[in-house]
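Please read the following points alongside the model, which concern its aromatic rings and the packing of some of its helices.

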Amino acid sequence: MGVKGLQGFMYTCCPEVCVTVNLREMAAQHVARGSATANSSDPTLVVDGMACLCHWYSCKNWVCGGQWREYMDVLKSWVGAFDSAGIRLVFFFDGVVEEQKRQEWVKRRRRVNGEISKIFNYIKTHGEQPGKNLFSLPSALATFTCFALRSLGQEVFCSVKEADYEIANYARQHSSMGILGQDSDFIIYDSVPYLSVEKLQINSLTTVLYDRQRFCRAIGLTTAQLPLLACLLGNDVVSEGQMQHIRNDAVATYRKHDLAPHHTPRGQMVLAVSKLVSSLWGRDEEEPGQILQSMNLSAPQRELLKRGISFYILPGQEAFQRCDIPLHPSASAFEKYVSPEILKACTEKHVTTEGFMVYHVLCAGVIQCSNTLEDEEDTELLPQALVYKPCRQHIYGLLLGHHGSTVDSPVIREWFVYPGNPLTEPDMVHPVQVNPPCGHPSLDLLWLGTDPNVSALRLKSFLTIFDCQELSELYGTIEDSLLAALCLVSFIVLQMQSVSQEDVDAYLSQCICLSMKSSQELQQIKLPFLSSRAVQLGSLYVRGLSHLLGANCASGCPLPNAALMPWHSFDGQLFHSKYMLAHSGAEKTVLLDSDSSRLSLFLHLREKLIETCRKRGRVLQSKPRTNNAPAPSHRTTATPGYRARRAGWPSGGGEHQRGTGEMTGGGWRKQEEERRDQSEYGSRERLWERGRGGGQHFNPHFHPNSYSGNPQYTSGSPRQYIGGLSLLHLEHNSLDSEQRGLAVRAWGVKRMGNM
């Protein structure tokens, strides 16, 4: 966000503003100044977390849903570098989208939609991840990063207003040594020094400081005049087009008197508007309101500028006081649905990043979700916003409809990005009453109750949101992260008829195998092909984890939030590899890395899922998919590993399905009614169990939950992969001789390419 073109202007037109600094030295100077004034405190950097995400997520694979274990290692190393220098970090993340910025938010979401479409076209054409020019952060990265940083002992806040404003205000009030971010708004605020995260060298802890005083001297303004400059140039409050005529007049006057041929057109515009602002400020004591009156503006434009300027005025500063209009005008309407204690607890949870989703519902009545990696051309898979809509409706019902009838419950405005949604207006979604077996629980009881029986009530409410009440009997017998994963996968199966037995096998096997793999082992997984369908299923799962968070908070937290984190149940590359194995007909022993204890746990969890779905009339069927390699004509040059992919390993490009239920038209149509010959399905399962898993009893290989801090990951046995197929896979004769030969040749080509 920030002021249009200002960051580039500082680099190109006044480079003296950009000063390279050493953060260790800055910290030492900060401590020395504090000691001299008897106001000694630890040097603190206030970090704009949203600006850091693209720098933190440096994992090579991003398109498969996220390499969460690897990402945790990156965060731990990043935080450790500052800790070793004695620098305290305080993180802020965006907690709201102010309605005055909604149109800018929508414009960005539409632009990203176009980029996501290109990503899927690339995957289906080339069968691999696109380059950095189409980079997209994994879904829900900001949400889970908050929890990750807290698990590392960091102080993390979620904003209740504009995050930039809260960052600048916190830094100024606490005399912090600087703000670490990448937003030119921080040069406008009269706060502490603004430091670049983009230029940060983490090993040496050096970066660029944007010197506010040098900037003011370069453009001939004072710090008090910077907010008006920002609004005339265009920012997130005052759009660039709304002040176009003012800038045009300023540039015309500037060019008439100051040719300045050495400046770029953008540089000339900044300098021209700066001269205009300086000329309007006739004397220091002149009121800003009088200045706006002297400009060629309509009354609405003057009010807009006044609002924009007040956005930069921090508490205690002069000029316009910040317009403290209610952030959410509908908030008062919710007081009749929840108690004051709940509203207070809700805000506290939100600020400390523990209240995902509930604050927006209870205190705003509006909720938004950014872009997700979804293929708009794949009409068989529903967008995540529609898949999880029933879940959200139950969450809304639990939060707002606990008095019984929901006839008078407020409607929730949803701004969810998904294919086919033009984002011209929000979706109006009604709460749906939650009906757990124990009756309608009150929110006060769920959140504030201390009776021992409340714990069971919370768990039943949580599972009811996902229509998986039967899974409560597994609580305490398996790890909480596995229980949450099973609940999520069961819900996905219930919502989408196109999800097959192979998809479920991929989901569950990777959840179970993940606990025994280190982040290094996960990074070494090779994927000769990418499946566009598996990419979307991976993003769907991660988005589901965020809905688990919302449901958990609404239910009074029956599960520890740490158990719902993706690094405990999901890895993009691991899921992709399991998806390919499952759809290629791999035996269950292969899916479970030839570990009998994992196999018995897998079979038990899958049986519980099948039982849950069967009770609701959903029969899970086998629908293996053939994944065809991209045609050679689609490529102009051969890329590394391309020949190996041509050897016959499944890919994401042009994949099709063997079996019933194919889609035959556009839009999110319902599939044909699935065949329900359960006896035949059960017979196949019993035959397989007698041949491979007979005689084994369920032993979940239970490990005590340990979600505080970083989990200790134990490494499983190393596997050697042949063109994406493990040697173990070949040894179990799950492929015929021709397929094994192709796989071995693929491995040989791959090795030659790496020599």
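1. Across the whole structure, a search finds 26 aromatic pairs, where rings of Phe, Tyr and Trp (its six-membered ring) pair if their centres lie within 6.5 Å. One aromatic cluster is formed by Tyr11, Phe186, Tyr189, Tyr194, Tyr210, Phe311 and Tyr312.

2. This is a predicted model, in which local features need pLDDT of at least 70 and side-chain atom pairs count only at pLDDT 80 or more, while totals for chains, interfaces and linings use all residues. Residues are numbered from 1 along each chain as its sequence is written, and side-chain values use heavy atoms, with hydrogens and water left out.

3. The charged end of Arg392 sits over the ring of Phe416, 4.0 Å from its centre, and Arg102 lies over the face of Trp105, at 5.2 Å from the ring centre; the criterion is that NZ of Lys or CZ of Arg is within 6 Å of the ring centre and within 35 degrees of the ring normal.

4. Helix α21 (residues 480–495) and α27 have axes that come within 10 Å and cross at roughly 40°, which makes α21 oblique to α27 (angles under 35 degrees count as roughly parallel, over 145 as roughly antiparallel, 65 to 115 as roughly perpendicular and the rest as oblique). Leu482, Leu486, Val489, Ser490, Val493 and Leu494 in α21 meet Leu601, Leu605, Lys608, Leu609 and Cys613 in α27, contact meaning heavy atoms within 4.5 Å.

5. The axes of helix α22 (residues 501–514) and helix α27 (residues 596–615) also come within 10 Å, crossing at roughly 135°, and α22 is therefore oblique to α27.

Terms used
Axes are lines fitted to C-alpha atoms, for helices over the stretch in contact, and angles run from 0 to 180 degrees between N-to-C directions. Helices (H or I, at least four residues) and strands (E, at least two) are DSSP runs, numbered from the N terminus. Rings of Phe, Tyr and Trp (its six-membered ring) pair if their centres lie within 6.5 Å; planes under 30 degrees apart count as stacked, over 60 as edge-to-face and the rest as tilted.
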